[in-house]
Amino acid sequence: MATTTTPKLTSRIAFILLATGSAVGLGNIWKFPYITGEYGGGAFVLVYLACIALIGVPVMMAEIMLGREGRQSPIHTMRHLAKSQGATNRWQIVGWMGVIAGFLILSFYSVIAGWAFAYIPEAVSGNLNGLDKTTSGALFSELTTSPWTLLFWHSLFMLLTATVVARGVRNGLEKLVRILMPALAGLLILLVGYAMASGKFMQGLDYLFNVNFQAVFYTCQAETCNFTPEPLLAALGHAFFTLSLGMGAIMIYGAYMPQQTSIASATLIIALADTVIALLAGMAIFPLVFANDLTPGAGPGLVFVTLPIAFGNMPGGQFFGSLFFILLLIAAWSSAISLVEPAVAWLTERWQWCRLRATLLVTGLAWVLGIGSVLSFNQWSGAEYQWFGKTFFDLKDYLASNILLPLGGLLIALFTAWSAQRRFSEQGLALTRGFALWWFLIRYLAPLGIALIFLHAIGLV
Ligand code: TRP
């Protein structure tokens, strides 16, 4: 097991950029609005925000700390830390689950990133100009019903991801991300401005922030209403997804983090940036949904149908639209590399593979699995290709986001706060204040919260 090869990032800011690059991605701009729409708005958003603050932030601190203490791939880190804390080496299961979740996520993430890719030439060539509800919908379904087109963009995105990962962490995306994040935020603000001017802005805000538990958590038939725990699990799962938690991605970045950097302040910056970008995306999209008579629950296509209408009708839209899809692509790119990194790091440590070979194997496998996601939108969209009422695409997302990630987070919390000594975290986090609060959250609130939501979802409580 080679520990000496673990690369280190040069600075605090490099770590923050890399981790923010991982966190901010399709999860914020594509997934957050579309699942908020599917689950019915404000109450879902509130639960999601609570999950970020009360579970996501403490778990992120723990995950980064474990990585930094272990300084290896998540699988080896967990094994090494378990040993040094006198715990069973079964804790390495956290690392293994992470590798599996990474494959599952990348294999659909890449296809959606391919959509963003495909929209760049459309925007650049002016094909979005003057789009309305009908023509925008037609453009989108033209893309998704063509397996070869999807496969092409999916392959290109995977290649892009592989290129950066193969070159290593330090020479990879660091510099790009530095310019990208502010630009993306700026563009989103512009879109919110557009939505204010020409969308049903108040209705959009109301949808996002007006908390109506009844509408989100209860299904009513005639006089009787039943509580549905599904949105709760989805909000928790999305909190993990959007922060890149629970699968070792943030752990491996922690392994590359400088020793003196404060984990707490880095975590707060990352979580805040991630949340702000998601909310901005929501504020840009929902006013347009209502202004154009689209349905919030339209599914994965929501953003790709809505935003082109905005670009197609605003002054300078051809330019801004092109820029937006380029930025979205880069945001997805900087996220995708973190999905691959844990598995690649493990292969290079365990088998002394070179990065190129490891990268090719991992992205190659995810690419093959991704063909199933491509077909979920066309050839395999029918009921005969669905399990539990979900397409292959939905199923992978559900399994990874709603089950594997929260479970990974639960195990991380349990290991840190119940299996390892308290002193281990005191030294690892080196907090000047707030340790007791964090300890309470990671030892009691986070594990209990995750466990309860799980048990609820399978109908046990
Ligand atoms: N957080 C990213 C997004 O919101 C996706 C992502 C990257 C991710 N790495 C991850 C999700 C690790 C879960 C685990 O787009």
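Trainee: Is T391 buried or exposed?

Mentor: T391 counts as buried, at 10% relative accessibility. Buried means under 20% relative accessible area, exposed means over 50%, and partly exposed is in between, with a 1.4 Å probe and protein chains only. One thing to keep in mind is that this is a predicted model, where local features need pLDDT of at least 70, side-chain atom pairs count only at pLDDT 80 or more, and totals for chains, interfaces and linings use all residues. Residues are numbered from 1 along each chain as its sequence is written, and side-chain values use heavy atoms, with hydrogens and water left out.

Trainee: Thanks! Where is T391 found, and what does T391 touch?

Mentor: T391 is in the loop between α16 and α17. Helices here are DSSP runs (H or I, at least four residues; strands are E, at least two), numbered from the N terminus. Leaving out residues up to four places away in sequence, T391 touches S376, Y385 and Q386, where contact means heavy atoms within 4.5 Å.

Trainee: Switching to helices: at what angle do α17 and α19 cross?

Mentor: Roughly 145°, with the axes of α17 (residues 392-419) and α19 (residues 435-457) coming within 9 Å. The axes are lines fitted to C-alpha atoms, for helices over the stretch in contact, and the angles run from 0 to 180 degrees between N-to-C directions. The crossing of α17 past α19 is left-handed; that means the near helix is turned anticlockwise from the far one by less than a right angle, and clockwise would be right-handed.

Trainee: Which residues of α17 and α19 meet?

Mentor: On α17 they include N402, P406, L410 and W418, and on α19 they include W438, R443, Y444 and F454. By class, this contact of α17 with α19 has 15 nonpolar, three polar and one charged residues. Ala, Val, Leu, Ile, Met, Phe, Trp, Tyr, Cys and Pro count as nonpolar, Asp, Glu, Lys and Arg as charged, and the others, Gly among them, as polar.

Trainee: How do α7 and α15 cross?

Mentor: The axes of α7 (residues 147-167) and α15 (residues 317-350) come within 9 Å and cross at roughly 60°. α7 passes α15 in a right-handed crossing. Among the residues in contact are F157 and L160 of α7 and W333 and E341 of α15.

Trainee: Last topic, cysteines. How many disulfides are there?

Mentor: One, counting a pair of cysteine sulfur atoms within 2.5 Å as a disulfide. C220 and C225 form that link, with their sulfur atoms 2.0 Å apart. The link is right-handed, with 110° about the S-S bond.

Trainee: How accessible are C220 and C225?

Mentor: C220 is partly exposed at 42%, and C225 is partly exposed at 35%. As for other cysteines, C51 counts as buried at 5% relative accessibility, while C354 counts as partly exposed at 47%.
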